[in-house]
Amino acid sequence: MISKELFWQNSRQLGTLIGLLLVMIIFWILSPYFMTVSNLLNIAEQTSINAIIAVGMTFVIITAGIDLSVGSIVALSGVALADMLQAGHAGPLAIAVGLMVGALCGLVNGSLISYGKLPPFIATLGMMSVARGAALFYTDGRPISGFNADFRFLATGEVLSIPVPVVLMLFLYGIAYLVLNRTKLGRYAYAIGGNEEAANLSGINTKLVKTIVYGLCGLLSGLAAVVLTARLNSAQPIAGMMYELDAIAAVVIGGTSLMGGEGKISGTLIGAFIMGVLRNGLNLLGISSFTQQIIIGSVIILAVLVDMTLRNDRKPLFGKGLFK
Amino acid sequence: MIRAWTFPTLLSVLVVLPGCRKSEQIDKPTIAFVMKTLNNPFFIDMRKGAEAEAQRLGVSLIVQAAEREVDVEKQMQIVENLIQRKVSALCITPSGSREIVPAIRKANEANIPVLIVDTRVDQKALAEAGATTLSFIGSDNKDGGRIAGEFIVAQLNGKGSIAVLEGIPGHETGDDRLHGLRLALDQAKGIKIVASQTANWERDQGFNVFQNILQAHPDVQALFACNDMMALGAIEAISAAQSKHKIIVVGFDAIDDSRRAILKGEMSASVAQHPEEMGSLAVEHAYKAMKGERIPLEIPIRIELVKKEDLLGQGSNK
């Protein structure tokens with residue numbers, strides 16, 4: 001049976017990739033502005049923030065968890081970073097603080113889930129509100145803006161004529177691939193998502209692994225905040241609202257099951273790109289913003305339908321992960 | 001493997017269908033109008049004005065907005081995508097006065113004229129980024145706040161307590177309206193602001209926040225809300241509270257729902273801007289700019305207070 005297992009896992013990735021290519025070909029036919037180098041780089045740049053958050057979300061969902069707080073963490077990390085920059089601290093130090101704030105929020109999430117035994121849905125729902133409130137409180141609701149060119153290089157700069165956020169994103173997916181497939185942390189994450197009880201009995205410190213995974217998700221939200229802040233030249237306490245849903249959508253379109261235990265990081269990247277390409281192409285065609293939402297929503301549903309059809313077993317998506 | 005193909009195919013058909021209609025417009029000169037949102041009556045009116053003017057001039061118009069009004073990053077994405085689309089001119093109502101600046105800079109680099117509508121861009125941020133806009137089309141919100149304040153002062157005969165529902169903090173539109181209000185209230189020493197809180201521009205939040213304010217200050221005599229949505233929420237809270245004295249409610253934007261509320265006497269007045277006029281003048285001047293004509297730096301739109309008397313005089317067309 002192993003060979004059949006392998007077959008559908010791979011064909012699933014292929015299905016997502018084919019979906020992306022098809023959507024791209026259609027936009028290519030419909031719009032003369034779509035398939036140009038500058039537009040493709042534009043799409044990659046726009047996708048980078050969601051794609052970075054979605055890396056952390058993939059890890060979390062593989063352990064059969066969920067993180068609803070990423071958008072709020074983006075806001076809190078962003079304002080912490082921006083405040084440091086405005087106070088005149090060096091860029092690297094400010095960035096480190098932003099990343100630490102994100103990681104810390106994530107570790108709190110992880111600890112509440114592992115040691116406090118809270119369902120991930122509840123713990124991160126709470127953090128969503130706490131981090132948002134903290135960001136608003138810290139800034140008195142006002143955006144912090146205006147940074148130097150060195151910092152803004154993170155969003156406006158180019159390496160070999162590829163925008164820095166894109167380079168960062170690709171580098172990150174490389175690392176995430178290695179961590180997920182070549183390290184204990186990655187294998188343990190799959191094991192926990194597959195069967196936490198069994199993972200625990202076989203000697204894996206599941207609590208620690210889960211805490212680290214949520215910490216990682218927070219850290220990457222912090223990194224997304226760095227890119228976002230550099231991109232807008234401003235950090236807003238209301239930034240990142242509903243980013244959690246975009247990230248979850250990218251992961252799910254990419255074929256990672258919300259039940260945990262399976263999924264690939266490459267799928268998430270493709271998923272994030274499907275969303276980015278759709279938004280871009282629909283804008284190029286001048287399609288009404290309302291219709292765009294219908295199309296993007298339908299794509300998410302269809303992608304999951306494909307996934308379930310290929311699996312041949314229609315288990316409920318919200319089986320054990322969310323409300324156990 | 002066959003099954004793997006079927007769904008992506010279906011999925012792409014879904015993308016094609018709504019796309020086909022628009023594809024023939026690609027070569028006409030196109031003006032793009034990026035709004036804060038398309039589900040607020042104010043912007044719906046602006047869109048109407050813009051579309052009518054585009055039709056008159058025979059240019060195609062793309063109107064887009066992010067899914068959420070506060071999502072400045074999505075607004076930036078839309079502008080970037082429209083730059084790729086090589087539109088001939090861009091009209092923008094910024095979701096963030098500073099956050100929109102990098103997008104304007106990109107439009108400048110692509111030589112696409114940018115006109116700002118309704119909400120001003122932060123001039124300092126604009127200068128620092130080396131970005132430029134051709135024109136501002138909108139009303140002076142500070143003036144609007146001031147005439148609302150003067151009306152409240154007159155209604156209260158110069159003394160009493162008032163509450164304020166603010167917009168999103170750091171949002172230039174709301175800040176200007178508040179500033180104008182305070183200028184007017186400062187003239188009357190007997191007036192005190194007893195509560196001033198944000199309801200984030202939204203109707204349901206206006207209800208909740210004003211309900212809380214009424215708990216703390218049941219004797220408040222007047223309310224100024226920085227937009228009508230919040231004012232409309234607040235009048236629901238007032239009717240739920242069954243307060244014994246009349247509370248003067250002044251909103252901003254004079255949208256249809258509040259005109260009805262003013263006629264019924266639930267609301268006292270609202271400051272009217274003219275979003276349709278903003279939309280049509282924006283498109284008209286974008287068209288001129290795109291043909292290389294010089295256009296004025298400031299195109300002011302009239303602003304006035306709408307009271308029950310004004311509406312009765314107008315008949316029932318609104």
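In what order do the 6 strands of the open sheet in chain B stand? I began my notebook with this point, working from a predicted model.

**Entry 1: the sheet of chain B**

I read the order of the open sheet as S7-S6-S8-S9-S10-S12, and the pairing is mixed. I then looked for the edges: strand S7 (190-198) and strand S12 (304-307) of chain B each pair on one side only. From one strand to the next, the twist averages 20 degrees.

I next followed one pair of strands. Strand S6 (residues 159-166) and strand S8 (residues 222-225) of chain B run parallel and are joined by 4 bridges. Within S8(B), Ala222(B) stands opposite Ile162(B). I noted what packs on the sheet: helix H6 (residues 141-155) of chain B touches S6, S7, S8, strand S9 (248-252), strand S10 (269-272) and S12. The direction of H6 makes about 170 degrees with that of S9(B).

**Entry 2: the domains of chain B**

I looked up the domain assignment, which gives domain 1 of chain B as 28-139 + 274-301 and domain 2 as 141-272. Taken over C-alpha atoms, the centres of the two domains are separated by 29 Å. Their contact takes 8 residues from domain 1 and 9 residues from domain 2. On the side of domain 1 that touches domain 2, I recorded 3 nonpolar, 4 polar and 1 charged residues.

**Entry 3: positive phi in chain B**

I kept a general point in mind here: most residues other than glycine have a negative phi. Asn111(B) has a positive phi near 60 degrees, although this residue is not glycine. I located Asn111(B) in the loop between helix H4 (101-109) and strand S4 (114-117) of chain B.

Is Asn111(B) buried or exposed? I found 8 other C-beta atoms within 10 Å of Asn111(B), so this residue is exposed, the cut-off being 12 or fewer.

Asp253(B) also has a positive phi, near 115 degrees, and is likewise a residue other than glycine. I placed Asp253(B) in the loop between S9 and helix H10 (256-263) of chain B. Asp253(B) counts as buried because 23 C-beta neighbours lie inside 10 Å, where 20 or more are required.

**Entry 4: confidence in chain A**

I turned to chain A, where the pLDDT averages 88 and 91% of the residues score at least 70. Which helix of chain A has the lowest confidence? I found the lowest mean, 75, in helix H1 (residues 2-30), and the highest, 96, in helix H4 (residues 91-114). Over residues 314-324 of chain A the pLDDT is below 50, and this stretch has 21 contacts in the model beyond near neighbours in sequence.

I examined helix H11 (residues 243-253) of chain A, which is largely enclosed by the rest of the structure because 10 of its 11 residues are buried. Among the buried residues I listed Tyr243(A), Glu244(A), Asp246(A), Ala250(A) and Ile253(A). Just after H11(A), I saw that Gly255(A) takes a positive phi of about 95 degrees.

Conventions. Residues are numbered from 1 along each chain as its sequence is written. Chains are lettered from A and ligands numbered from 1 in the order in which they are written. This is a predicted model: local features need pLDDT of at least 70, side-chain atom pairs count only at pLDDT 80 or more; totals for chains, interfaces and linings use all residues. Two strands pair if DSSP finds at least two bridges between them. Helices (H or I, at least four residues) and strands (E, at least two) are DSSP runs, numbered from the N terminus. Axes are lines fitted to C-alpha atoms, for helices over the stretch in contact, and angles run from 0 to 180 degrees between N-to-C directions. Two residues are in contact if their C-beta atoms, placed from the backbone, lie within 7 Å. pLDDT is the predictor's confidence in each residue, from 0 to 100. Domain bounds come from an automatic or database domain assignment. Ala, Val, Leu, Ile, Met, Phe, Trp, Tyr, Cys and Pro count as nonpolar, Asp, Glu, Lys and Arg as charged, and the others, Gly among them, as polar.
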